Each structure stands twice: as C-alpha cells, then as structure tokens.
Amino acid sequence: MSNAGILQGAHDFVLNNPVFNDIHNAVPYKKGAGLKTLLSASMPDAFHDSSARDPPPSCHPGTRYNFIDAITNWGLGTSQHIEPMLWMHGPAGVGKSAIAQTCSERLSERGKLGAAIFFSRSVGPNKRDDPHRLFPSLAYQVATKSKPFGDILDNYIQDDPTLVTKSIREQFQELLVKPLSQLGADAAGVVEGLVVIIDGLDECGKGPETHCDIIEVIVVSIRNRTTPFRWVLLSRPETHIVGSFTTNDTHPLTYQLEIRVSRDIDNEITLYLTDGLRKIQRRNGLPDSWISEQDIGVLVNLSGGLFIYATTVIRFVGGRESLGPVDQLRAVLALASSNKGTDSVHPLSELDLFYTLIMRCVPPRILPRIQAILLLTLITRNTGFWRHTEREDWQTTPWIANMMGLSEPQFRNACGLLHSVLELTPYWEITFYHASFMDFLQDPSRSGEFCIFSRLDSLRLELLQQLNDAHARSTGESTVERDLVALTLMSAPI
C-alpha cells in the first residue's frame, strides 16, 4: 500500500457518518503502565509478605494447629467441607490475624494463595483500613500469579484509569469479574481454586454498610460463578457481619469456624510464654532461677485464654526501654494478687488489668503528654486530616510533635514508654500492635483515669494556644494549613 492512503484512486462511493482515527498520534500502550496504576491504588503494606509487617504476626510453632489445618486443608480442597467461602470469627485478642498469616504462608508455599489482605485500624495515613483499596489490592496480587490475567487487566486500566477510583461494587466487576471472563481455558485453570484471604473485615471503612457491601459482592459472585476463588474472611462477630453470614442466601455457601476465648489452649499459651521468656533470659544473661514453672503458670492464668495477653507480656517484660526484665516480670505477676476477688466475666477483663499496669508505669508528670499524643493520634486518624492538604509528604506524627512542642528525641522517648503496645517506626508512623489497646483507652468504664477522652478539653485549649502563638510568630501558607488542621481537630466529634 502506498503512502498516498487507502482512498487513492477511489470514486463513486458515499461515507455515512464517518469517524477517522489518527493512529499515528494515538497514545501508545506502555506495557505494565496499567498495573502500576493499579498498584498505586492498592495497599501493599497490607499484603501478607510486606516488609511493613515484618515480622508478621504468625502463629508460634505448635500453637493453633487445629485452626491452621482446618483452613489450609479447606483451601487445598482436601477437607470434607466443600463450601466456597470460609468465615472465621472470634473476639479481639484470640489470634485471628496470626492464624490468617500462617495460613497465607502455607498456601503460598503450595501455590494456592491468590491474594491476602490484612486490614488494620493502625493510625496514620497508611491506607490499611481503606475499603476502596481492597479490590485493587486483590486484583494486583492475582495479576502477579497469572500473566494472562495481568495483561488483560493492564490493558483495561490503560484504556480507563478511572477504574481504580470507582465504587466498591464497580471495582469488583471491572478489576476482577470482567478480566477473569476474558481468560482462555488454560489461563482460567491457573486461577481456579486460588484462595483469597481478607483478614480484619471489621477494621476497614467507617461503618457496617461497607462490611456488608463487601460480603454481598463476594457472595453474589460465588452464586453467579463469576470468580473462581475460594474466599476466606476473618472478623470479630459484629452484629451486622453475623447477620450477613446467616442469611438464607449466604449461610449454605459458608464454612464457619468460631474461635473462642477458651482455657483449652492453656498448653499452647504455656509453650509460647516459655519459649519467649527463654529468649529474654538468653538475651539478658539471666540465671535459670529468674522464673519458675509456677510463675509461668501464673502468667498463663492471667492470660485467660487470650494470645494477645501473652504476646503483650513478652514485649512488656523484654522491652529494651523498660526497667529490666526481672522488675517487669514481677510487676506482671503482682497482677494475680490484685485481681483476686473479682468476678468479671468480660473476656478482656484480664487484658484491661494489664493495660492499666502499662499505663501506670508511665511517670505521672509525663502521663498527660502521653494521653495527648494518643488522643491526637486517634483524632487525626478519624478525621483523616492529612486529606486537608495536597502535600504528598504530609505526616501526622511530626505534626503532633510540633503542636506539642516536642523534639523528635523527646517524642520518641515518650512513645518508648509504651513499647509493649505500640511502635514508632523510623518513618514517624505510630502503629499499635493490637486494636484492643485503643479500644481500652476510649472506654472510660475499662480504662478509668487513663481514658484519653479525659484530656479532650485541655487538649483543645492547648491547640488554641498553639494557633495564637503561630499567628504571633509568622504568617503564610504553612500557618494557614496548620490552622485548618488544628481547627478541624478542635471541633472533631468523638
């Protein structure tokens, strides 16, 4: 064909409503560009193998093997249960996330893990509780397992980059259902039966409606056979989630596992505590006599069937920022006598007693500052105040330190007093090891004098003073930005 064009020499024809495309000036496809867009809309810090979760909270060897085997065998298709969805539910502190992590690792080793996401209410703009990043995250992980699926999805997103910004229901259709429907028989066989794990469903989004929407779109896809996966969801037994899983449409499709607070796992907690305390002993050069079998028995009783209690004890006793393992251990053991005579049946009553001890270890002169840090951390997360600025480098923790007049070393030292329940990362992000600690601090019936809301009025006065001081010192864009955030915090509903 000559360069003169396809119409050269043509005559006696009519073009009706012609549309001409200039292929020479069209934007070319760039292989992988769509998947990069997908990754940017995901939350890689919540993947099961993310370095942000290093070391991930997997189960201690020899513990929780009954639940791990049940889920793994179901995922491999070697279980008597043939339901396409599995829901594990249980209260806070029983080790659901550790079980999910261990199962993710085992299924990954067997080539059966399609994707895994671990939601977390850890504060800060880490996007680990954003439901709109769930399905982009799952789709991206599946794309790394199946090149044909990844190529189709890559082209889809390059054609329409807004796919990653659509509603949860639309994302599910556009990022999973439609690309899967385009796979050939051989490629479809690769993804058939892959396991998708969603941990902490109750920790994503702002309310029940989001949780129910996620469950519903998955259930509809199972009924219509539009996704070939085996779905695992783990959550607390919140009323609305229980309701979603017990409907006539969902219940027959679901294999349910309940994990309870039970003293039946005392032997597993004993194993965990014994191994953890031995490591502390070796690290600190302590004699064998520093702890007895009776002491371990006391700690097991205090744990009350909660693994979160045992893991927090190990961090509390072995923390390098503490007074030393011997004194820390004695402080925990003393809780046994202080709790005698109580008849509370609340499953977290023992944990509340331990959290109270942790707060009492904070020097009284520093306690108000610690409470203010925790309160500001909570409010900044709930208000999502980093979205008030277009700056990509905005970080909440340095702002909190600045508002409180604390240098970085002072702020880190203050946070170090709570080393057993939180971590301040090198990147200035506060993360909590377990959501139950902030739950404790927000409930005055559980935390009493340590409830962070007792600091709310005085904190708002301090913020107002900070605003006045800032205006007295300078003006400019940074001050306006700080004012907007501070005013948001001062008026934030709790």
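User: What makes a space in this predicted model count as a cavity, and what volume does the second largest cavity have?

Analyst: A cavity is a set of grid points where a 1.4 Å probe fits but cannot get out, and its volume is the space filled by probe spheres set on those points. By that definition the structure, which is a predicted model, holds 2 cavities of 30 Å³ or more, and the second largest cavity has a volume of about 30 Å³.

User: Which residues line the second largest cavity, and how do you know to which classes they belong?

Analyst: The lining is made up of Ile370, Ile373, Leu374, Cys415, Leu418 and Leu422. Since Ile, Leu and Cys count as nonpolar, the lining has 6 nonpolar residues, with no polar and no charged ones. Helix H16, which spans residues 367–383, gives the most to this lining, with 3 residues.

User: Why is the packing of H5 and H6 called oblique?

Analyst: Helix H5 (residues 147–159) and helix H6 (residues 168–181) pack at an angle of about 125°, their axes being 9 Å apart. Roughly perpendicular angles run from 65 to 115 degrees and roughly antiparallel ones lie over 145, so H5 is oblique to H6. The contact is formed by Phe149, Ile152, Leu153, Tyr156 and Ile157 of H5 together with Glu174, Leu175, Leu176, Lys178, Pro179 and Leu180 of H6. By class, this contact has 9 nonpolar, no polar and 2 charged residues.

User: What makes H2 and H3 oblique to each other?

Analyst: The axes of helix H2 (residues 65–76) and helix H3 (residues 96–109) come within 10 Å and cross at roughly 40°. Angles under 35 degrees count as roughly parallel, and the roughly perpendicular range begins at 65, and H2 and H3 are therefore oblique to each other. Their crossing is right-handed, and among the residues in contact are Phe67 and Asp69 of H2 and Arg106 of H3. The contact of H2 with H3 divides into 7 nonpolar, 3 polar and 2 charged residues.

User: How do you know that H10 and H11 are oblique to each other, and which residues meet?

Analyst: The axes of helix H10 (residues 266–284) and helix H11 (residues 293–303) come within 10 Å and cross at roughly 125°. Angles of 65 to 115 degrees count as roughly perpendicular and those over 145 as roughly antiparallel, and H10 and H11 are therefore oblique to each other. Asp266, Ile269, Thr270, Leu273, Thr274 and Leu277 in H10 meet Ile296, Leu299, Val300 and Ser303 in H11, and these residues divide into 6 nonpolar, 3 polar and 1 charged.

Note on methods: Residues numbered from 1 in each chain as written. Predicted model: local features only at pLDDT ≥ 70, side-chain atom pairs only at ≥ 80, totals over all residues. Heavy atoms only, no water. 1 Å grid on protein atoms, 1.4 Å probe; cavity = no way out; pocket = protein on both sides within 12 Å on 5 of 7 lines; lining within 4 Å. Helix = DSSP H or I, 4+ residues; strand = E, 2+ residues; numbered from the N terminus. Axes fitted to C-alpha atoms, helices over the stretch in contact; angles between N-to-C directions. Contact = heavy atoms within 4.5 Å. Left-handed = near helix turned anticlockwise from the far one by under 90°.
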